[in-house]
Every structure is written in structure tokens, then in C-alpha cells.
Amino acid sequence: MKELTDFRIQTRAWLEANCPESMRQPVKDPFDLYWGGRSATFKSEDQKKWFNKMLEKKWVVPYWETKYGGGGLTPEENNILTQEMTRLGCRKPLYSFGISMLGPALLKFATEEQKAHYLPQIIEGKIWWCQGYSEPNSGSDLASLQTKAIDKGDHFEITGSKVWTSYADKSDWIFCLVRTDFEATKHTGISFVLIDMASKGVSTRPIKLISGKSPFCETFFDGVKVPKENLIGTLNEGWNIAKFLLTHERQMIGGIGETDVRKKVHKVALENLPINAQGLINDGVIRSQISNFEMDEEIFDLTIQRITDESKTGNNSGALSSFFKFYGTELNIARQELLMSTRGTDALIWEENEKSDGDLARKFCRSKGNSIEGGTSEIQLNIISKLILGLPTK
Amino acid sequence: MALIITEEQKMLRDSAAELLKVKAPVSEMRALRDAGYKNYSNNLWDEMTALGWTALTVPESYNGLNFGFVGLGQILEQTGRNLSKSPLISSILLGASALRLSDNEKLKTSYFPGVINGSTLLTLAIQEGKYHQVTSFKTKATLKGENYILNGSKSMVIDGTSASHFIVVAKTDKEINLFLVDALSKGVSISKNVLMDAGTYADVNFDNVSVNTNNKLNLNQDGRIMLEKLMAIAYSGLSAELLGICQQAFDMTIQYLKERSQFGVIIGTYQALQHRAAGLFSEIELCKSIVLKALQAVDENEPNILYYAHLAKAKLGKTAKIVTNEAIQMHGGIGVTDDADIGFYLKRARVAQQLFGDYNYHLDQLSLIKGY
């Protein structure tokens, strides 16, 4: 206990000394975050300084082993670091699907050689990774994917298209699910490969959403040559990696490990809605809706804590990530809905003016995707029914 | 502090689950009801006493186990699962806690032994009228020589017909005080109400009841603050019971969905039911977290125990309604028959969610604490 308390004190002091003030402010535009990559540019001197400090401290990925460039922190120490970063409002030094998604998959399924090659690059932010999962005809039914990888001896030849590939137009590499056995049942003919986006035959097209500009793209593969050593895990067993990765993705979308502090809805309400003589929100209907929302929000946070604590003692089911994803995204949707109500007609402003930055209406529209991406709420409920409740399928 | 229960607390939970499943299952509750709404069986109470459940939250200096409220919560969760009837809520969760919070050493020394051996049955007389309230009530205590004279009417006194003593919340001018009053005192009249959970509750009238000044629980402390702590314990404990009710009603419903066939298929294969079940599962996951947090806050004597207790009772009150309503619906016709046990869960949930304030009350308190 004493060591952890000391660690907290030292961590707090170090963050206070090294995290620049501007890196403790929430970002206005997600495009202002640092994602690294071959053609990485820092948006500010502070951003550069913060990344380099964290890199030097080995805290870009504090919980990976030191041999890969991680900080080698224990889960308890890592928790403390996350809490202290949250307390100060520190941004993550590097945003990366390499850290949150590919890394965990490599750690579990890759060869030692592959780990030693890819993991340090992820930490140093040298490669910007994107994810190639969904296809135009394979959304909820992901395992029906049709992007083909044909065995050409020393390499695969890949043809097909992916959709919802976030930042594909800016990424250097993509981790991708492809079909390698065309005779097998749909779950058993899939493989997990890494593809250099600079390869001949790869092209991307951005997708505009109902909220406006978005990082999403479509990605096309037209006879792309991919060396066989880029296969991760066993040929035709990529679905296991896919499921494992989806668990991580769902926890991420569900909000686990988030360090940004979001303003409480009731505070926004007090600043905007009419207040009565007692200083309370005059409209009792919205007041109780906010209260109910904040009740669930707070208890959901406690639930993340409880289940994280339980998993340390080995009591956890991977299917719980479906619960987190379902509940966390439904909560965010409810949050956006309430914020829209509290801001009245100002909430409708789309183009920035003196009354509003036009952010709220866009965030509201964007939140509609939360219960779809990473597996719809309905898919998560299916998984809970089947894997946790043991309800039969027809 | 980690949001999990310790090995010792787990052992207590498991032994409570085993005992109650055998000695006080739902069939026992049905038998008590059919025997004229009996409140509890003496044998079960003796057994609970022998196991030390009555001493669980009593400090060691009064020969208690000082095991804590997370521990008591584990037992209450199991009484919720089995709908086991006993004076655990009235005499231990409420009564023993009031004594524990008291600074009247003489009173504690003379009453804890009887509470621990089960012969003294305490209960709390706080509510007036039909709604839970904490500080706005009418019952008055007027000092006259060595005694206080109590006047007022209390309602919804749990086990009020079988209690040996009442802990009465009364006002002297503007101050809130708590008094320990013998149920046999002159001027006390008790009338019985049988509620939908087949439990008996009492309206208790105090007509010039004389109580010695030595029977005041708060000597040198503000009765209002003491009462707030007691309420935090009451809300958290009832939430633990409601958690047990939710879990059991849900488990029974899932079991039914796996057994019942219609149109030639098991009804649990229908997505319309699966998704509702998965939604209920999610709500119960949240309930587990807040009940544990609220009980831990009591044990740790955290400054915001009342806040977590309101959160717990609000969430559990709401969820218990949803879960038991859905449980009946998913059981179909059998669910509305008296032969099926699921109806007892609906009925107990209704009472437990209303006792000490329902979802609406606690949600309102939460907003007030946060200043909106």
C-alpha cells in the first residue's frame, strides 16, 4: 500500500511538472489530437513536448512490458496513472488504434518476432494503424465478409473493400480481416493480416456523416500483394482474433479507460434553463430526467470499477464487454438528448456563430452512431442473451 | 478501496444462502402468510441469533462481532432472494444501528445484550402519514421533570405488532431527538396493518407517553445528524434486500424462458424476450455496484454516505419495479396465479421500494444535494 501511495504522489508531481497547461484542456476538434504516423505533424509545440516527455518516461503505453518499450507498470500502478491523468485532465499523448486494438491482439496472437517488430513502432507513434473489419455487405453479420486473399505462393493477393475504416485516408497500415478459405463455413475461413496502405492497389474514399466531417472511410483493395509474413496467428483462424479485438473495441466505445472529464449535465442545465426562486431548475420534468440520467451515469462508472476489480481476482466474462458497450453507448445517447433539451433552440445551431460553436447538434447526430459502431446494441443484447444468460437459439 | 467483497464476506453470504434456502425458502413465507400473516418463525430467529447475525453490526465493546454493514447486506440480499421473514430489518438494520449511533452509554450497555440474544425486538417509528419523510413530522416530546411526554402518531412501523421497544423520532421545540420506548408503556396503542407482502406493520399512537430522560438516544449529539446516518443505513440495507429480490425474480424468469414451450419452440429463443432479459441483466449489474458502494461507505464512515444511500435506494427502487413487472409478464398466465411464487416477489418489491422512500423521493433528494 505504502509503495502505491508513494507512486501516486510521484506520478502526480511528475504530471504536474511535465504536462503542459494546453494539454490539460479538452480538444474542440478530434482532428487536433495527436495520432503519430509516417507523416506525423504536431499541432503545437506543447503537443510535441508532451508526447516526447511521455515517450521518454515510457508512459505512452505504461502497462506494456519494458522489452517492447512499455512502462512495465502493474495494473494497480496503471490505474493510479489513469486516475491522476483524469484528475489533471491530461490528454493521452498519442491516440492510436495500435495501442487500443492491434497491440493487445499482437500480444496474444503474434510471434515473438512480430511483437518485437511492431510493438515498439506503435509506442513511438511511427505507424498510424487503422482497422479493416466491416464491409458494405457485412455489417452486423461481420463473419460473412467477402474480401478475398488468394494464396499466390510467397504472398496473398487481396481484392475487396472495407467500410467504416476510421482514418484510412491518413493511416500507414491496416489490420484486416480477409477470407482465405472459400469452402469453409463463414467463421472458419477468415484470417488476420497486416497491410501497408502504401501498397499498389489500395485506395480510400472519405465518408461524410449526418454530423458532417468524419474520420470514416471506405477502403478498396484491388489485387494488393501482401507478404505471407504479415499474417498474424494461424491461417483461417482469424475469427478468434476478431472476437478478441471486438472485446477491446467495445470496452473502448463503452468508455472504459477514458481520461476526459465530461461536464455534468445538471451544470449545463443550471447555466441554461430557467431557475426558480429556490435556485432549482424550474421545469420539474427535465429536472427528474437529468437526475435519472446522472444516477445511471454515476452507477455505470461504479460498475466499471467493480467489474475491473473483480476481474483482478479472475472473476470475469469476456461477454461483459457487450454489456459495457451496450450500456455505455446508450448512456451517451441519452446524454446528448438531454443536452439538446437543456440548450433549447441554441442547441440547433449548425454553423458556428456568437451563440454557439455548433458543436452540440453535431455531437447529437454523431451519437446516433454509438449504438451501431462496434456491433449494434441489438448485437450486444444477442451476445448477453446467449453467452451470459444462456438463452437458447433456434 | 476495491469495489468487491472480501473472502470473509463471501463466506458469510454463502452460509446465509445455504441456511435460508433450507430453513426459510419462499414456501416458508407462504406458510406464514397462510397461518394468518405471521411475521416470522421463532425457530428461524433463534437460528439467526445463534449464528451471530444479530451481533453482526454491534461493536466489540458490547460483545458484538463488529463485522460491518457490507456483511449485513450480504445476509439481507439472501433474505431478499428467499423472501425470508425475520426481525433482521426492524431490530438489527434499524434498531441495533440506532443504538450503535447513540452516545448514551447506559442505554447501549443495557439494551445491546437483549438485541444480540434476540429477546429484545427493536423497531423504528419515524414515518407519519403515507409518505416517507425524515425531518418534517409532528410527534412532540415535552420535557416534564425527569421525563419526556410523547404525543403523536407513527405509521408503517415494521414488525410494530411484535416489537418489544420502539425507537421514536420526536421533536422538542425545533430539535430532533430519538427515544427508546417500551411497547408496553401506558398511552401506547398499536393497530395492525397487513400489507401486500403479507407482512404486518403497525400504526402506533403515543398519547401522553412518559419516557425517562435516560432513554434519549442522542445525548450530546445532534439528533438530526444521527438520524441522517441511520437513514443512510436503512436505505442501503433495504437496497441490499431489493437486490436479492431482483436477482431471484430475474433468475426464476430466465429459468422459465428456458423451459416454457409455445408454437413448438422454447420461448427463450424469441429475440423479443431475449433483448428485454438482457436489458434487465444490465440494470441488475448496475444495482450490484451501487448497493456494495453504499454499504462500504457506511462501513468506512465516508462523509457522503447519505448520497450513496440515496443513489442505491433510487436505483434499486426503480429496477425492482421493472424487474418484477417484467418477471410477471414473461411468466405469462401462471405469473398472475397465487400458486406461482413469482407474485410474492412482485408484492415484496412493491413494499420494500416504498419503505423509507421510493425512487421518486430519492431521485429528488439526489438533485437537491447537487443543487438543482
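Residues are numbered from 1 along each chain as its sequence is written, chains are lettered from A and ligands numbered from 1 in the order in which they are written. Because the model is predicted, local features need pLDDT of at least 70 and side-chain atom pairs count only at pLDDT 80 or more, while totals for chains, interfaces and linings use all residues.

Helix α8 of chain B covers residues 271–299. Helices are DSSP runs of H or I with at least four residues, strands are runs of E with at least two, and both are numbered from the N terminus. α8(B) has 29 residues. From first C-alpha to last it reaches 42 Å, close to the 42 Å expected at 1.5 Å a residue. The expected span is 1.5 Å times one less than the number of residues. α8(B) is mostly covered, with 21 of its 29 residues buried. A residue is buried if 20 or more other C-beta atoms lie within 10 Å of its own, exposed if 12 or fewer, and partly exposed in between; C-beta atoms are placed from the backbone. N301(B) follows α8(B) and has a positive phi, near 50°.

α8(B) packs against α9(B) at an angle of about 155°, and the two axes are 9 Å apart. α8(B) is therefore roughly antiparallel to α9(B). Axes are lines fitted to C-alpha atoms, for helices over the stretch in contact, and angles run from 0 to 180 degrees between N-to-C directions. Angles under 35 degrees count as roughly parallel, over 145 as roughly antiparallel, 65 to 115 as roughly perpendicular and the rest as oblique. The crossing of α8(B) with α9(B) is left-handed. A crossing has this hand if the near helix is turned anticlockwise from the far one by less than a right angle, and is right-handed if clockwise. The contact of α8(B) with α9(B) holds 19 nonpolar residues, one polar and five charged. Ala, Val, Leu, Ile, Met, Phe, Trp, Tyr, Cys and Pro count as nonpolar, Asp, Glu, Lys and Arg as charged, and the others, Gly among them, as polar.

Chain B also touches chain A. The contact takes 32 residues from chain B and 35 residues from chain A. Two residues are in contact if their C-beta atoms, placed from the backbone, lie within 7 Å. On the side of chain B, the elements giving two or more residues are α7 (223–259), β9 (265–266), α8, α9 (305–331) and α11 (359–370). α8(B) supplies the largest share of that side, 14 residues. By class, the side of chain B that touches chain A has 18 nonpolar, eight polar and six charged residues.

Chain A has a helix pair of its own. Helix α9 (residues 320–342) and helix α10 (residues 359–367) of chain A pack at about 150°, with axes 9 Å apart. α9(A) and α10(A) are therefore roughly antiparallel. Their crossing is left-handed. From α9(A), N332(A), I333(A), Q336(A), L339(A) and M340(A) take part. They meet L360(A), K363(A), F364(A) and S367(A) in α10(A). The residues of this contact are five nonpolar, three polar and one charged. α9(A) has 23 residues and reaches 33 Å from its first C-alpha to its last, close to the 33 Å expected at 1.5 Å a residue. Just after α9(A), G344(A) has a positive phi of about 60°.

Positive phi values also occur in loops. W164(A) is not a glycine, yet its phi is positive, about 65°. W164(A) lies in the loop between β3 (155–163) and β4 (173–179) of chain A. W164(A) is buried, with 23 other C-beta atoms within 10 Å. In chain B, L83(B) has a positive phi near 55° and is likewise a residue other than glycine. L83(B) sits in the loop between α4 (69–82) and α5 (88–101) of chain B. L83(B) is buried, with 27 other C-beta atoms within 10 Å.

Two further residues are partly exposed. S199(A) lies in the loop between β5 (190–196) and β6 (202–206) of chain A. S199(A) counts as partly exposed because 15 other C-beta atoms lie within 10 Å. Residues up to four places away in sequence aside, S199(A) touches V224(A) and K225(A). R224(B) is in helix α7 of chain B. R224(B) is partly exposed, with 15 C-beta neighbours inside 10 Å. Neighbours within four places in sequence aside, R224(B) is in contact with T135(B) and I176(B).
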